[in-house]
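Thanks for coming. Please have the picture in view while I talk.

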Amino acid sequence: MKKFLKVMAIVLVVAMLGMFAACGNGDGGNEKAKVKVGFIFLHDENSTYDLNFLNGAKAACDKLGVEYVIKTNIDESNDCYEAAADLADQGCNIVFADSFGHEDFMIQAAKEYPDVQFCHATGTKAHTEGLANYHNAFASIYEGRYLAGVAAGLKLNEMIEAGQFKAEDAKIGYVGAYTYAEVISGYTSFFLGARSICPTATMEVQFTGSWYDETAEKEAATLLINDGCKLISQHADSMGAPTACETAGVPDVSYNGSTATQCPNTFIVSSRINWEPYFEYIINCVADEKAIDTDWTGTIATGSVVLTEVNEKAAAKDTQAKIDEVKAQIEAGTVKVFDTSKFTVKGETLSSYMADVDSDADYTPDTEVIKDGAFLESNFRSAPYFDLRIDGITLLNEKY
């Protein structure tokens, strides 16, 4: 009997040790082994936009030790729904897609797979769809673009002081994909950053009608350069615009990553959204059985809005120091990117503006977004809704 009791005691101790091991250290570490993430990307690593997501996805999953599956070159079509459904069928309990046009297909999949969490970047409908398993995410990248604009303004001033052109000729060119709020918010914040340093700056915008078209982006940048633009920036995803700048010897502020290796003589700096914090957040939420925010907005403070290293070969002197100074002011709240005293619309300073936050097909204005002298971007949903056409910026065409 004593021998039996001794054996049973040993069995009980082993079982208890097993239970403690399964519980881990309380941080959900072992629970992460049950998480599998599926990623849907519009393009592949040849797109600076998608490469930025790819890098963040791999870094987060490798750091947390979770399994993941990546699907690239998934169109904004039913292909996205099929990819999302396939990932869910493969056992992914999180499915993420990275492009605006993926949204309706992700919502379709979310309705059919209620036990899978579907997360989508740049989307606008999570807060109105009311699905517990569908989520939007973005970041306050307008702050990063403003800082990149500061670098652009410093470069314009340097060229003016060197006698390369007169102050009234400080014209910036901008290559945009579509005439959407996301792009408008981006080029406006960049312009306001530049104008905070070079008050005579103006800007022209040429749209390509595609997020990724190297030929069209290169042609757009060349058109802007030939039209007298002294510096180029972009919200489009290929190397087209930076390559055109390097060829023409025109300074360039790129997006989503450094182009210093390919364009060492013209690249100044780049802003980007760092998606790794968001990916870690959603993985931890699922592992710990916690709800994912319906609308998540990353910030400078969360490490979600970052700039590359300044290329001192092309940038104006002390650019990094000025960026650091303005960044601190943004974090302190003493500089607001969309300060309404810093821009006008048709000659008027705005004190009120109703934006289309609860998106619908007719883009019906529904939310007051100006408060205390500033347009509150990304406060009422994560995706941008700044669609004002401010004075000083000329659109050469439009693409929807």
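This is a predicted model: local features need pLDDT of at least 70, side-chain atom pairs count only at pLDDT 80 or more; totals for chains, interfaces and linings use all residues.

Let us start with the cavities. Searching the whole structure for cavities of 30 Å³ or more turns up three. The largest cavity has a volume of about 60 Å³. Which residues line the largest cavity? They are Tyr49, Ser99, Phe100, Thr122, Glu182, Trp211, His235 and Asp237. Sorted by class, that lining has three nonpolar, three polar and two charged residues.

The largest pocket holds about 680 Å³ of space. There are 27 residues in its lining, and those closest to the pocket's centre are Phe100, Tyr180, Ala181, Asp356 and Tyr363. Phe100 has already been named in the lining of the largest cavity. By class, the lining of the largest pocket is made up of 13 nonpolar, five polar and nine charged residues. Helix H4 (103-112), helix H7 (181-195) and strand S13 each give at least two residues to this lining. Which element supplies the largest share of the lining? That is H7, with three residues.

Staying with H7, look at Glu182, which is found in that helix. Is Glu182 buried or exposed? Its relative accessibility is 12%, so Glu182 counts as buried, the cut-off for buried being under 20%.

Helix H2 covers residues 48-64, which is 17 residues. At 1.5 Å a residue H2 should span 24 Å, and its end C-alpha atoms are 24 Å apart, so the two values agree. Directly after H2 comes Gly65, with a positive phi of about 70°.

H6 runs over residues 141-161, 21 residues in total, and reaches 30 Å from its first C-alpha to its last, close to the 30 Å expected. H6 is mostly covered, with 18 of its 21 residues buried. After H6 comes Gly163, whose phi is positive, near 80°.

On to the aromatic rings. How many aromatic pairs does the structure hold? The count is 31. One of them is formed by Tyr49 and Phe53, an edge-to-face pair with centres 4.9 Å apart and 65° between the planes. Why do these two sit about one turn apart? Tyr49 and Phe53 are four residues apart in helix H2, so about one helical turn separates them. In general, an α-helix has 3.6 residues a turn, so residues three or four places apart point the same way. Both Tyr49 and Phe53 are buried.

A second pair is Tyr353 with Phe375, where the ring centres are 6.2 Å apart and the planes are at 40°, so this pair is tilted. Tyr353 lies in the loop between helix H11 (319-332) and strand S13 (354-355), while Phe375 lies in strand S16 (residues 374-375), so the pair ties together parts that are 22 residues apart in sequence. Tyr353 is partly exposed, with a relative accessible area of 22%, whereas Phe375 is buried at 4%.

Rings also gather in groups. Phe39, Phe41, Tyr49, Phe53, Phe96, Trp275, Tyr278, Phe279, Tyr281 and Trp296 form one aromatic cluster.

Last, the cysteines. How many disulfides are there? The count is zero. Cys61 is in no disulfide, as its nearest cysteine sulfur, that of Cys92, is 9.7 Å away, and a disulfide needs two sulfur atoms within 2.5 Å. Cys61 has 1% relative accessibility and counts as buried. Cys263 is in no disulfide either, with the sulfur of Cys245 nearest at 7.7 Å. Cys263 is also buried, at 2% relative accessibility.

That is the end of the tour.

Key:
Residues are numbered from 1 along each chain as its sequence is written. Side-chain values use heavy atoms; hydrogens and water are left out. On a 1 Å grid over the protein atoms alone, a cavity is a set of points where a 1.4 Å probe fits but cannot get out, and a pocket is an open set with protein on both sides within 12 Å along at least five of seven lines; lining residues have an atom within 4 Å of a point. Grid points are joined across faces, edges and corners, and a volume is the space filled by probe spheres set on the points. Ala, Val, Leu, Ile, Met, Phe, Trp, Tyr, Cys and Pro count as nonpolar, Asp, Glu, Lys and Arg as charged, and the others, Gly among them, as polar. Buried means under 20% relative accessible area, exposed over 50%, partly exposed in between (1.4 Å probe, protein chains only). The expected span of a helix is 1.5 Å times one less than its number of residues. Rings of Phe, Tyr and Trp (its six-membered ring) pair if their centres lie within 6.5 Å; planes under 30 degrees apart count as stacked, over 60 as edge-to-face and the rest as tilted.
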